[in-house]
Amino acid sequence: MAEVVYAEASRVYPGAHQVRAVDRLDLAVPDGEFLVLVGPSGSGKSTALRMLAGLEDVDEGAIRIGDREVTDLPPKDRDIAMVFQSYALYPHMTVADNMAFALRLRGMSKVDIATKVKDAAALLDLTKYLDRKPKALSGGQRQRVAMGRAIVREPSVFLMDEPLSNLDAKLRVETRANIAQLQQRLGTTTIYVTHDQVEAMTMGDRVAVLKDGVLQQIAAPRELYDRPENVFVAGFIGSPAMNLSTRPLTDTGVRLGDLEVPLSRSTLDAGLTSVTLGVRPEALRLAGPDDPGFALRVELVEELGADAYLHGKLETGDRIVVRVDGRTPPRLNESVHVALRDATEIHLFHPETGLRLEN
């Protein structure tokens with residue numbers, strides 16, 4: 001086990017228009033932590049992982065694992081184990097042989113190999129499949145074999161690059177819980193890449209959000225949700241996403257329909273003419289016409305059982321989503337009146353920089 005440090009690490013692809021796939025990444029992952037790198041496609045999260053693995057060059061800065069700088073070391077000398085989206089199992093080998101392959105290359109004795117494979121198989125509930133070949137396994141079982149192959153090596157760091165993308169929704173939920181529990185039991189430093197922010201929020205000790213190769217925020221899942229540092233994080237973290245709307249300032253605050261959201265004097269005196277207002281769907285409620293709020297024509301109803309999500313548009317054209325009781329949701333094209341549950345549940349951002357404003 002070991003701490004992982006990215007020290008102003010960059011990956012720059014040359015060409016007519018230089019692309020900084022990872023731009024001066026400064027990140028420390030303590031020994032034993034489960035860190036999730038999350039972001040949309042093209043955000044640089046997989047590139048950052050591959051830089052740590054030695055599969056991509058580090059053009060600027062450095063990377064350390066434990067007390068060693070590994071920036072220029074080949075992958076085999078970095079003491080890492082990687083689990084890929086594609087499983088990458090040898091189809092002609094049994095489960096046991098797939099798990100044992102790297103140990104054989106090391107020249108480990110047959111007795112020691114058998115012991116390690118047996119222990120890993122028991123940990124992953126694979127004992128009864130050791131004599132089978134990958135084609136006889138389900139997708140979830142194959143992913144567990146890939147995990148077992150990494151575990152037997154006892155690396156300092158586990159690297160996982162979207163390992164659940166090929167699984168169906170139910171199996172993905174089950175497997176991500178198994179991976180999180182397994183990491184807690186092993187205590188191995190783990191860096192996990194995903195584009196699925198729900199996966200990120202439910203698995204990581206901390207979550208690092210990337211956009212265009214730049215680290216936007218790193219924090220515990222709850223802090224990311226409650227205190228996003230900019231508009232991008234606010235809109236990316238949370239499902240459904242936070243409602244964001246740029247609104248003009250009044251003398252005392254900002255208006256949302258006939259609802260006046262009071263703002264602090266420091267915010268009002270900051271020289272801004274507008275702010276970007278953020279409200280999560282669960283911070284809104286259906287209300288009577290006399291409550292301060294705004295009218296919304298329902299354009300879409302997502303019924304999810306206990307909850308339902310209403311989709312509509314404000315008079316500005318901004319789309320908005322409201323969470324309501326799933327047992328009695330309004331009908332499509334119905335007009336409803338929406339109010340704020342609590343004025344403390346709003347988020348404010350600078351309309352140009354997108355950075356969080358404290359109210």
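This is a predicted model: local features need pLDDT of at least 70, side-chain atom pairs count only at pLDDT 80 or more; totals for chains, interfaces and linings use all residues.
Modeller: A strand is a DSSP run of E with at least two residues, and a helix is a run of H or I with at least four; both are numbered from the N terminus. Residues are numbered from 1 along each chain as its sequence is written, and side-chain values use heavy atoms, without hydrogens and water.

Colleague: Why is leucine 244 called partly exposed?

Modeller: Its relative accessibility is 24%. Buried means under 20%, exposed means over 50%, and partly exposed is in between (1.4 Å probe, protein chains only). So leucine 244 counts as partly exposed.

Colleague: What is leucine 244 in contact with, leaving aside its neighbours within four places in sequence?

Modeller: Contact means heavy atoms within 4.5 Å. The partners of leucine 244 include Val231, Leu277, Asp318 and Phe349. Aspartate 318 is 74 residues away along the chain, but the two C-alpha atoms are separated by 7.9 Å.

Colleague: How many aromatic pairs does a search of the whole structure find?

Modeller: The search finds 3. Rings of Phe, Tyr and Trp (its six-membered ring) pair if their centres lie within 6.5 Å; planes under 30 degrees apart are stacked, over 60 edge-to-face, and the rest tilted.

Colleague: Why is the pair of phenylalanine 34 and tyrosine 192 called tilted?

Modeller: The ring centres are 5.8 Å apart, so they pass the distance limit. The planes stand at 40°, so the pair is tilted. Phenylalanine 34 is in strand β3 (residues 34-38) and tyrosine 192 in strand β8 (residues 189-194), so the pair links parts of the chain 158 residues apart.

Colleague: What makes the pair of phenylalanine 232 and phenylalanine 236 stacked?

Modeller: The centres are 5.7 Å apart and the planes are at 10°, so this pair is stacked. Both residues sit in helix α8 (residues 231-236), 4 residues apart, or about one helical turn. Phenylalanine 236 is buried, at 15% relative accessibility.

Colleague: How do you know that arginine 280 lies over the face of tyrosine 225?

Modeller: A charge sits over a ring if NZ of Lys or CZ of Arg is within 6 Å of the ring centre and within 35 degrees of the ring normal. Arginine 280 is at 3.8 Å from the ring centre of tyrosine 225.

Colleague: Why do β21 and β22 count as paired?

Modeller: Two strands pair if DSSP finds at least two bridges between them. There are 2 bridges between β21 and β22 (residues 356-357), which run antiparallel. Phenylalanine 349 stands opposite arginine 356. Strand β14 (residues 274-279) is also joined to β21, by 4 bridges, and runs antiparallel to it. There, leucine 277 stands opposite leucine 348.

Colleague: Which residues of β21 point one way, and which the other?

Modeller: Ile346 and Leu348 point one way, His347 and Phe349 the other, and all are buried.

Colleague: What makes α1 mostly covered?

Modeller: In α1, 7 of its 9 residues are buried. Among them are Leu49, Met51 and Leu52. After α1 comes glycine 54, with a positive phi near 90°.
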